[in-house]
Amino acid sequence: MGLILKQTLEEEKYLEVKMPYGPLQSDLPFLQAFNKTQKSANHHLDLSLYPEPFAGNPKAKVYLLSGNPGWSDSDNRLMTTNHPDWDKMMQHSYNPIPGLGHPQTMYWLDPYWKGLIKPVSGYHGGFTWWEKRTKQLSHIPNLEEKLFNIDYHSYHSKNIKINSIINSLPSKKYVDEIIKVAFKDDDRLFVILRCRKAWEDRLKSILGVSTLPSNVIYLKNPRCAHLTSGNMKPCDWSRFLAALK
């Protein structure tokens with residue numbers, strides 16, 4: 001996946017040519033197998049949408065560890081009615097486009113992309129979702145450059161379900177490498193927003209530890225995923241704000 005996920009040349013070409021009409025080719029058999037086993041439509045993965053493994057600045061001091069991209073029946077219309085700007089936004093998140101002259105950002109919080117992507121019947125997808133959850137941080141200048149969000153997996157569904165198939169996705173190992181490298185910076189904070197147990201197990205495996213380091217912090221109520229003073233321990237909130245300076 002471009003600059004960060006160093007996949008095969010064939011898959012890089014796939015990203016350039018075939019997206020947003022499907023997942024990474026190496027993941028596809030696993031995703032199809034996953035969908036065949038799901039009895040609930042809420043867990044079904046919509047493979048017509050762009051995968052969203054991460055969003056933001058990988059050099060940021062705050063990494064957010066989330067679930068997976070959500071799903072609404074308006075997502076496809078939001079994407080298709082905003083071509084080619086949607087394509088640029090997504091592909092820029094994988095690999096900066098030299099000709100664009102725009103830095104790596106958490107695009108859902110970036111006024112540049114919000115201005116380009118037009119709502120569909122009042123629906124603005126991730127822009128609305130992330131603005132609500134970062135409302136208490138709106139005073140921080142250039143917030144979109146100070147966060148890096150990583151989803152547990154990249155594919156859209158109404159509700160997340162993690163099983164052995166999801167944990168076997170080939171793309172997961174590339175994201176794990178990003179995380180492993182990021183932990184080399186002791187000043188970086190990792191905030192688990194969703195799927196706490198799954199992320200704890202995954203981080204322990206990546207780091208080869210039985211106890212996670214102190215730079216991993218949690219929300220009091222992960223179901224709402226709001227980044228607020230009331231949703232963190234006071235000491236964690238202070239560390240969080242300091243990391244965003």
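This is a predicted model: local features need pLDDT of at least 70, side-chain atom pairs count only at pLDDT 80 or more; totals for chains, interfaces and linings use all residues.
Guide: Local features need pLDDT of at least 70, side-chain atom pairs count only at pLDDT 80 or more, and totals for chains, interfaces and linings use all residues. Residues are numbered from 1 along each chain as its sequence is written, and side-chain values use heavy atoms, with hydrogens and water left out.

Visitor: At what angle do helix α7 and helix α8 pack?

Guide: Axes are lines fitted to C-alpha atoms, for helices over the stretch in contact, and angles run from 0 to 180 degrees between N-to-C directions. Here α7 (residues 170–182) and α8 (residues 196–207) pack at about 75°, their axes 10 Å apart. The two are therefore roughly perpendicular (65 to 115 degrees).

Visitor: Which residues of α7 and α8 meet?

Guide: Contact means heavy atoms within 4.5 Å. K172, V175, D176, I179 and K180 in α7 meet W199, R202, L203 and I206 in α8. This contact comprises five nonpolar, no polar and four charged residues.

Visitor: Is P119 buried, partly exposed or exposed?

Guide: Buried means under 20% relative accessible area, exposed over 50%, and partly exposed in between (1.4 Å probe, protein chains only). P119, in the loop between α5 (111–116) and α6 (126–133), is partly exposed at 46%. Leaving aside residues up to four places away in sequence, P119 touches L78 and H124.

Visitor: Which element gives the largest share of the lining of the largest cavity?

Guide: Lining residues have an atom within 4 Å of a cavity point, on a 1 Å grid where a 1.4 Å probe fits but cannot get out. The largest share, three residues, comes from α7. The lining includes K172, V175 and R202.

Methods:
Helices (H or I, at least four residues) and strands (E, at least two) are DSSP runs, numbered from the N terminus. Angles under 35 degrees count as roughly parallel, over 145 as roughly antiparallel, 65 to 115 as roughly perpendicular and the rest as oblique. Ala, Val, Leu, Ile, Met, Phe, Trp, Tyr, Cys and Pro count as nonpolar, Asp, Glu, Lys and Arg as charged, and the others, Gly among them, as polar. On a 1 Å grid over the protein atoms alone, a cavity is a set of points where a 1.4 Å probe fits but cannot get out, and a pocket is an open set with protein on both sides within 12 Å along at least five of seven lines; lining residues have an atom within 4 Å of a point.
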